[in-house]
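Reader: Hi! Could you walk me through how the two chains meet in this model?
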Amino acid sequence: MWKLNDFDNVAVKDDNGKELTYKQIASFSNDFKDIFNGRNLLLCLCKNSIGSIIGYITFINNRQVPILINSELDISLINQLLATYKPNYLWLPKEKTPYFDEYEAILNLFDYNLLRRKYFNDINMHEDLALLLTTSGSTGSPKLVRQSYKNIESNIKSIIDYLSIEKKDKAITTLPMNYTYGLSIINTHLYAGATILLTEKSVVSKDFWTFFKENNATSFSGVPYTYEILDKLRFERMNLPSLKTMTQAGGKLSLTLHKKYANYALEHNKKFIVMYGQTEATARMGYLPADKSLEKIGSIGNAIPGGKFYLHDTDSKIINEPDVIGELIYEGGNVTMGYAQSITDLARNDDFNGILVTGDMAKRDSDGFYYIVGRKKRFLKIYGNRVNLDEIERMIKNDFTFIDCACSGFDDNLYIFITDKNHEVNIKKYLIEKTNFYQSAFNIICLDKIPINDSGKILYSELEKYYS
Amino acid sequence: MEKNKDKYVSVFRKSFSLDENFDVEALSYQDIPSWDSVGHMSMIADLEEAFDIMLETEDIIDFGSFKKGIEILRKYNVEIE
């Protein structure tokens, strides 16, 4: 995938000052080659550290197939994934090694260990399959997205093209690497021979900004919540001369903030680029060019190079008129192979065939710019992470027996409706523990009964009045 | 003074949902899952309200621990101890 031997410069640097060149990574990648016999499935517990990223590069370059999840994911949820997919290897932060009895450590590299399953498992995987990402990272759902080598490379090339990523660029990590948007930054910068500044620190910490400034970071990425925090930190007053590009994805930014950052970028000779994507499309599908960011506030722009957007009406007929709402459809080489829910699915062929029905409702203006107006599927974005509402309901019902509950809400605000007040505190605690989201994301409301229709289906529309 | 300390401690307990037995005085940013970036901003907002102050950007990002916070609040004439 990455032509590591083509570059001499530093590929990754962490906030302890540790750095590795492309040539050094190439040699690690070579050392790993002999460990694996054939193609294997791996589970990687990711964080933004040297060990985590080297493992990832090495596995992809050696055609091993990693599933990427967050290293902080609740252990019981990790075990659910292990039980479903039984990967032969685990790549994880050293300190997590003792949690996994069925595996033994065979190798250590920096802060990471490679663990091998005591009882090997032959898994039949499609030869195009490169990588597996979760659809809903925080709930440990076994539903994964199957990405091919061609998908990843196609998306990398088109992102490098429209963002003009160059060798001299330095991207600082602000998102988890198991998250498709965070991973796309790593993928593209490695391909362009640029440098990745690795940190687990967030934008609210002084260490982050010291690392940023000392290394002259040139780009920065954020989900809507990141930009809300930056706004509270009065970002516009920070002096960041090295910064060239700010990108935003992972949900819709408020119009006020979009305008504010577009103006800031214009005044300070930087680029502010709003983007749109999904794991099902590898990462990216659309972007609003920086020079249109003030003119087309609230828009996701148009499709990335090599891709195309159109809208479907309720009969799946293409909508040609402007300003009519329909479901957004995307076509391109980055549309993934489909989902996996079990080991046998890993052998499946391409189910999507280059066409992705996004589940997002959108309209197109007369200049051809697209605007997302809503969602067809039952999920929310919590701090940029997709959260499936049905899955949360299922988790609660599984772990709290005899409970009646319904989940609904809007982005960054999940509402859990229950009928038994005694469970209120415990459910909130449970969800915080399982998902690692900050408590203010969860609102528990106690009702006399959950509204249902004659056939017993929950009437979610009747719950809207409690939060709108 | 004692009252300020109580207020300060209770903001920590509330913002990071910690019970009475938890030793907040040793706490630093990212020590516990609830003190993430979202929790941080919520804690800052609660402190600003509790002591009727407005923190500068530099102080918000420097607020890396319970102890550091005491130093920072001193600049705003809030004496914790």
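Author: Happy to. One term first: a polar contact is a pair of N or O atoms within 3.5 Å; within protein, one must be able to donate a hydrogen and the other to accept it, and residues adjacent in sequence count only if both atoms are side-chain atoms. By that rule, 10 residue pairs are in polar contact across the interface of chain A and chain B, both at pLDDT 80 or more.
Author: This is a predicted model, where local features need pLDDT of at least 70, side-chain atom pairs count only at pLDDT 80 or more, and totals for chains, interfaces and linings use all residues. Residues are numbered from 1 along each chain as its sequence is written, and side-chain values use heavy atoms, with hydrogens and water left out.

Reader: Thanks! How many salt bridges are there between chain A and chain B?
Author: The count is 3 salt bridges (a side-chain nitrogen of Lys or Arg within 4 Å of a carboxyl oxygen of Asp or Glu). K206(A) and D62(B) form a salt bridge through their side chains, at 3.7 Å from N to O.

Reader: And how many residues does each chain bring to the contact?
Author: Chain A brings 20 residues and chain B brings 22 residues, with contact meaning heavy atoms within 4.5 Å.

Reader: How much area do they bury between them?
Author: About 1700 Å², 58% of it on carbon and sulfur atoms; that is the accessible area (1.4 Å probe) that two parts lose on being put together, summed over both. In chain A, V204(A), K206(A) and Y438(A) lose the most area to chain B, together 37% of what that side buries.

Notes:
Chains lettered and ligands numbered in written order.
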